[in-house]
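Please keep the structure open beside the text as you read.

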Amino acid sequence: MKDLPADRTASYTVLYEGYGSDGVASTVGYVQDGEVRLVTDPGMVKSRSLILDPLRTLGVEPESVTDVVFSHHHPDHTLNAALFPNARFHDHWAIYFGDQWTWRDAEGYELTPSIKLIRTPGHTHEDITTLVGTPGGVVAFTHVWNDATSASDRHAVDLDALHRGRERVLAVADIVVPGHGAAFIPGIDTPR
């Protein structure tokens, strides 16, 4: 299957489990594969220490993060990007580093053979999912679900595309890390 990462050598951690009521916070992830140290969706949280402390517990200083991926450009997923001053930033159409803007489509882009980006629009027209091949399976960092029980998305710009994105992610993911909730193992009750 073309969406599967080619390798399974990466590791991952959920740095912060987000939420979407009584405030909003993104779920922030960390992926490591060889020299790549990647943070996903470093957005709104009550305190930056909620991102930095668990990262430091892993032995990773913010200056050593090499890459940041934004699932989309809403502030609740991007607000704390500046915590990582040496990182390349990835979105749906480019890589940003220092003063360089390098155009590239996210669809099928590989940061490593174990870390692959795919387009999964629906919440916004520009949403992407980060697929991570680990020894335990494929992990999807995505916003096609707000949390494990999200049947719909009241902010979605295209519900049909959102549901197609869910099917695409479910075809390869063993674990889903949603935009605003705990990681979950998809099953027959997972909203399509």
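The largest pocket has a volume of about 300 Å³. Of the 13 residues that line this pocket, G20, N146, R154, H155 and H180 are the closest to its centre. By class, the lining of the largest pocket is made up of one nonpolar, nine polar and three charged residues. Here Ala, Val, Leu, Ile, Met, Phe, Trp, Tyr, Cys and Pro count as nonpolar, Asp, Glu, Lys and Arg as charged, and the others, Gly among them, as polar.

Please bear in mind that this is a predicted model, in which local features need pLDDT of at least 70 and side-chain atom pairs count only at pLDDT 80 or more, while totals for chains, interfaces and linings use all residues. Residues are numbered from 1 along each chain as its sequence is written, and side-chain values use heavy atoms, with hydrogens and water left out.

How are such spaces found? Rolling a probe the size of a water molecule over the atoms shows where empty space is left. On a 1 Å grid over the protein atoms alone, a cavity is a set of points where a 1.4 Å probe fits but cannot get out, whereas a pocket is an open set with protein on both sides within 12 Å along at least five of seven lines; lining residues have an atom within 4 Å of a point. Grid points are joined across faces, edges and corners, and a volume is the space filled by probe spheres set on the points.

The structure holds one cavity of 30 Å³ or more. The largest cavity has a volume of about 80 Å³. Its lining counts 14 residues, and T40, D41, S71, F141 and T142 lie nearest the centre. Strand β10 (residues 128-134) gives the most to this lining, with three residues. Six nonpolar, seven polar and one charged residues make up the lining of the largest cavity. Helices (H or I, at least four residues) and strands (E, at least two) are DSSP runs, numbered from the N terminus.

Most residues other than glycine have a negative phi. D22, in the loop between β1 (11-16) and β2 (28-33), also has a positive phi, near 55 degrees. Are these two residues buried or exposed? D41 is buried, with a relative accessible area of 8%, while D22 counts as exposed at 81%. Buried means under 20% relative accessible area, exposed over 50%, and partly exposed in between (1.4 Å probe, protein chains only).

Now to the charged pairs. A salt bridge is a side-chain nitrogen of Lys or Arg within 4 Å of a carboxyl oxygen of Asp or Glu, and by this rule the count comes to eight. Three of them are shown here.

| Salt bridge | N to O distance |
|---|---|
| R56 and E61 | 2.9 Å |
| R88 and D67 | 2.7 Å |
| E107 and R168 | 2.4 Å |

R88 lies in strand β5 (residues 88-90) and D67 in strand β4 (residues 67-69), so this pair ties together parts that are 21 residues apart in sequence. D67 counts as buried at 0% relative accessibility, whereas R88 is partly exposed at 29%. The side chains of E107 and R168 also meet in a salt bridge. E107 is in the loop between β7 and β8 (110-112) and R168 in helix α3 (residues 159-170), so the pair ties together parts that are 61 residues apart in sequence. K2, D3, E107 and R168 are linked in a network of salt bridges.

A polar atom of the K116 side chain lies 2.2 Å from the backbone oxygen of K2.

D127, in the loop between β9 and β10, is likewise buried without a salt bridge, and the nearest side chain of opposite charge, R119, is 9.0 Å away. The side chain of D127 does make a polar contact of 2.5 Å with that of T124. A polar contact is a pair of N or O atoms within 3.5 Å; within protein, one must be able to donate a hydrogen and the other to accept it, and residues adjacent in sequence count only if both atoms are side-chain atoms.

Technical notes:
Lys, Arg positive; Asp, Glu negative; His and termini not counted.
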